[in-house]
Amino acid sequence: MTQNNRLSGGQIDRNTTVNFRFDNRNYTAHPGDTLASALLANDVRLIGRSFKYHRPRGLLTAGSEEPNGIVELRSGNRQEPNTRATTTEMFDGLEAQSQNRWPSLKFDALGVNDLFSNFLSAGFYYKTFMWPTAFWEKVYEPIIRRAAGLGSLSMEADPDEYDKGFRHCDLLIIGAGPSGLMAALTAGRAGADVILADEDFRFGGRLNSETFSVGDQSANDWAAQAVAELSSMPNVRLMARTTVIGAFDHGIYGAVERTGDHVATLPAGKPRQILWRIYTKKALLCAGSTERPIAFENNDRPGIMMASALRTYANRFAATASQRVAIFTNNDDGHRTAADLHAKGVHICAVIDVRKDAPVNYDYEVLSGAQVVNTKGRLGLTFVEVALPDGSTRTLECGALGVSGGWNPNVHLTCHQRGRPVWNDDLAAFVPGSNLPVGLSVAGAANGLMSTYGALQSGAEGAAAALELKDVRPDLPEAEDTPIAQKPFWYVEGCKRAWLDQQNDVTVKDVKLSYQEGFRSVEHLKRYTTLGMATDQGKTSNISALAIMAEVAGKTIPETGTTIFRPPYTPVPISTFAGRMKGQEFHPTRLTPSHYWAKERGAVFVEVGNWLRAQWFPLPGETHWRESVDREVRQTRASVGVCDCTTLGKIDVQGADAADFLNRVYANGFAKLAVRKTRYGLMLREDGMVMDDGTAARLAEDHFVVTTTTANAVNVYRHMEFVRQCLFPDMDVQLISTTESWAQYAVAGPNSRKLLQKIVDPEFDISNDAFPFMGCGNITVCGGLRARLFRISFSGELAFEIAVPSRYGDALMRRLMADGEDFDVVPYGTEALGVMRIEKGHAAGNELNGTTTALNLGLGKMVSKKKDSIGSTLSEREALVEPDVLRLVGIKPVSPEEKVTAGGHLMNTAGPVDAAHDQGYVTSAAYSPILNSNIGLGLLKDGANRMGEKMRLVSPLTDLTVEVEIVSAHFVDPEGERLRA
Amino acid sequence: MIINHPLLGPRDSSEFTYLGDATLINRPDWQAEDAAEAFYEYGYVRDNPAGKHQELWFHEAGDRSWLVVTRDTTTHEISKVELARDVARARGRSK
Amino acid sequence: MLDLVAITALGGSEPQVDTVGGITCSEVPGVALASVAARMGQETKASKALAKLISAPAPGIGQHAGDTVTAFWAGPDQWMIEAPFDTHEELADQVKSALGDTASVTEQTDGWTRFDLNGDQIPAVLELLSMLDLRNIDAGSVARCSIHHVGCFVLCRSDEAFSIYGPRSSAGSLHHAIVTAMRSAL
């Protein structure tokens, strides 16, 4: 295809020709083009089908406000739906597809929707698909999803990289048009740290689209020179292809930089897009303005575009939608488009101006006081019907119609913290209100200053004011300074199907209908008609709809109200929000010191918070996890097992008041704990519920090491700092986490001492007398390595925990395995750990569930009444100490093979099964290979007095009823003889 | 949001963990006659002001200081940031 | 004679080194660490004793100082002491004897993993990793921050030399984040 609609001039590189494909046809273009400008240059006006009625649609605009010209980019797993052709930068090899059409763009089967438009008017979802209810999920929704929709997903994982980053500046300037460039020059010359961001790949904004001069240069030459000066300033950072998407609290802005969307192949490791968080002292919004349309009958045909867009395509991209163009306007700016196109050799059929006093022109016809009343052309505009002031009608043959209804300032970011724009009568438009995000000010057309000189001046002044620069009088170039007077003209009277929101197919009639049906608030109008709720957020339609609603209501626009805008300013791919946090790196992973060893052993891992812990260690031939777990339990209880318990939180507590401090945070007493002794500690929340449990080992008078559960390590540390800093600020106590410093292993089972004696250096006696149950101390192992030894047990067996510096953890585990061969040592994982603690009746996470007290867990006596500790007062509340409160019990099925289900509820053997008769519930369940029975722990009303009682364990959701017996929670070694062996 | 840490200067609020009302510093005396009632009030009864609110934030990804932040709940404007330890001492807390 | 062999935080017998563009990221296992927190009322004495230990004034907020044995600020009246591992494996004991009862000392050597970045354009990498205002960071600065949701210390030793300390257990994730950012930025 040749570029039939290519004009002269423009800011494209004609020396280079690139190839691209649209709907599987080949075309050529030049660097500097967008996909939109290249399609126009190649005489392609039809780009897609509309959302609801599948009407043929082309381009409406030349910018990010585009509602219609949305396509699927790329192919395979890189396919990206709903991308605006108007902002898609051209490169060699670009591939795009039209969307929402089947089987082809020119013949779309669902175009039939258009014929039934009367049934698909405002609120049609709500009215049509009301009943029967069952039909919604099975019938209506799938049909609607298929019929109405935008692009399609590849259903494959996106293979590209996305990134996140953080930048800081004194002044963020949003938009690099005349006001933004002038602001950046002013701030940059004054030495401020400036970031200038613009969504376009070329800085200059409207200056790139206009033919007038700035100073003694063309507008775009002036812009290029300004950019060159800014590039030379080390304190100015230029961010092209960067959309500032949101204004957040305290001067934080979100921005998306499209670093790789404009290249055919991304270099390895380079991101496609980067989501920046920009911290600013001040920000200046120089976002310009958006031309607004006029609604008239059939105003959505391909070829009907914003007049300013036609001008941009002609001046910047040297492309036109057609060689025969008409203009429909209510203001002088429309005439500027006619003049520019005429100068490029495009035939101007006529300028249709609704004003009776339209400016005269001798190069082409101007129809004053005229209006476009209809258009023709099935897949693209062919004729325009014009009503003349004398009542007659005239038909113009043209391939493009430029529409200009005036300009709306781009106030979006000023609304992001609920700021409301205010109506300006002179401009007949909303301008930023006074309630702006803190630190943000607005300059240029975004602030209602619509002339070029006004933009330059307010940019300079805005930067100077934001940075509190004194005596800065920037040398402003001369520029066009036409006063702007906009008289609103929203739609042509009598039209039936005149489109406002072209992306969501909302017409003037829909807005009126919605009002008649009682939707009086603008927010309701939006939701009922879906106006402004498409991916373009109604940038070209919201204000017109509001004006029509005001008219129907007989109110002024400010009385009717306005909607405000939310982030993001333009759509952002989910991948960009995810950045690097995907797949395995979705969150950071914490590995234990024995991780690599466990991996070699073929361990199955489980995520515990961010930790990966070995869950069990399957041996060859074991086909079910239970085989491995049962073996690990049996072998540990029969001889010795080793488990990595590094993940338990460890907090170093030191200071003269350390013991006193622990007395406050633990419900039980610590003041009298002897040095070289460890004690179980129960920590309550202030409301009396159990927060965590663990141990505290006293290494010296003023030095303890506290352990926490893996899950609560962070919370407990935070809580202890709260107690230290906020409640007892004068206590001499210092806290620091040492979780990561020490590789810690539980060595459990009757042969644990014998195994440890092989590695503990001979000068340390760990016999029962020298190192009794709950003893602790600093020792050395393996020829002088410093280590800590604690004689504590979670399994109920004779057991120790040994800690060495983490770097030696891998080696120590290997040594324990090698030295333990004589004892048939077994590594065990978290499953076996869980089984053994259930067998022993130790409460753990399932029981410390935030609703249990010490009394519930059978630990009521631990709560000391002789001292002040967190939670002790409220733990005595009446309801928490009633005689029949839940108590921890053991649960055993009458037939050992019957399953005990955690979460199942306990009911009396007779009587109804319902909440009113609930007696308690099962918290933990396991198969005990020692008892050869399923067992469980549970919380039962008055449980301590119900030993031996038969009950029903029920789970109505899974249809389970099991006869169980209530027993002591201590299934194994209830007297604790093994521990002390 | 940005919290202007009294020692470290402006820091992103994502580095902090929020706890709530800074009246949590005013822990009652466990030996007082009305201790049960006082702890109930302390634990459960809070003002919920639309406006200035003193609240506790922990600089978890920072220097581990607890801070008392005075924040307007309607605008997020932060008018004062203090070390909680100083506030606690000023409120008469000691050991 | 100790007969256990240590491994690095990334699980190797030798430290890992990655180079992208002009920047090298090196895993540094050869460092001993101990944390110091002044005892209540002993703050002045503690910082004097610390100054003697590192032959430089105790570093203030956001600073590090010292030569062979160095200290960096970690919190109010709290510091982290760094020294070469080979000569100071038992650093905590050495620091404790230097500071006596003026401070609580805790061994932190294996609590942390260290990655050193050397080369130009380090800020271009760091701005993808942390929200620190790098304009305020120069030789002698230290800041705590979050990298890939991992709490880290970033030390600037010179424009072209930074150290990042992160928790040892997260070494793999932290290393992945750093190297990914290097590939992205350089």
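Modeller: Here is a talk through the terms, the chain contacts and one residue.

Modeller: First the ground rules: this is a predicted model, so local features need pLDDT of at least 70 and side-chain atom pairs count only at pLDDT 80 or more, while totals for chains, interfaces and linings use all residues. Residues are numbered from 1 along each chain as its sequence is written, chains are lettered from A and ligands numbered from 1 in the order in which they are written, and side-chain values use heavy atoms, with hydrogens and water left out.

Biologist: Fine. What makes Gln615(A) count as buried?

Modeller: Buried means under 20% relative accessible area, with exposed over 50% and partly exposed in between (1.4 Å probe, protein chains only). Gln615(A) has 14% relative accessibility, so it counts as buried.

Biologist: And where does Gln615(A) sit, and what is it in contact with?

Modeller: Its place is in strand β33 of chain A, residues 611-616. Strands (E, at least two residues) and helices (H or I, at least four) are DSSP runs, numbered from the N terminus. Contact means heavy atoms within 4.5 Å. Leaving aside neighbours within four places in sequence, the contacts of Gln615(A) are Val604(A), Phe605(A), Val606(A), Gly829(A), Thr830(A) and Glu831(A).

Biologist: Which of its side-chain contacts is called polar, and why?

Modeller: The one with the side chain of Glu831(A), at 3.1 Å. A polar contact is a pair of N or O atoms within 3.5 Å; within protein, one must be able to donate a hydrogen and the other to accept it, and residues adjacent in sequence count only if both atoms are side-chain atoms.

Biologist: On to the chains. How do you know that Arg786(A) and Glu89(C) form a salt bridge?

Modeller: The rule asks for a side-chain nitrogen of Lys or Arg within 4 Å of a carboxyl oxygen of Asp or Glu. In this pair the closest N and O atoms are 3.1 Å apart. Across the interface of chain A and chain C, the rule finds nine salt bridges.

Biologist: How much area do chain A and chain C bury?

Modeller: About 4600 Å² between them, 47% of it on carbon and sulfur atoms. Buried area is the accessible area (1.4 Å probe) that two parts lose on being put together, summed over both. Arg580(A), Arg786(A) and Arg807(A) supply 18% of what chain A buries there, more than any other three residues. In contacts, 57 residues of chain A meet 53 residues of chain C.

Biologist: And what about chain A with chain B?

Modeller: There the buried area is about 2900 Å², and carbon and sulfur atoms give 54% of it. The contact takes 32 residues from chain A and 33 from chain B. Six salt bridges turn up across it. In one of them, Arg718(A) pairs with Glu60(B), with the closest N and O atoms 2.6 Å apart.

Biologist: Last one: chain C. How is it built, and what makes it as compact as a globular protein of its length?

Modeller: Chain C has five helices and 11 strands. Its radius of gyration is 16 Å, close to the 16 Å that the globule rule gives for 186 residues, so chain C is as compact as a globular protein of that length. The radius is taken over C-alpha atoms, and the rule is 2.2 Å times the number of residues to the power 0.38. Buried residues make up 61% of chain C.
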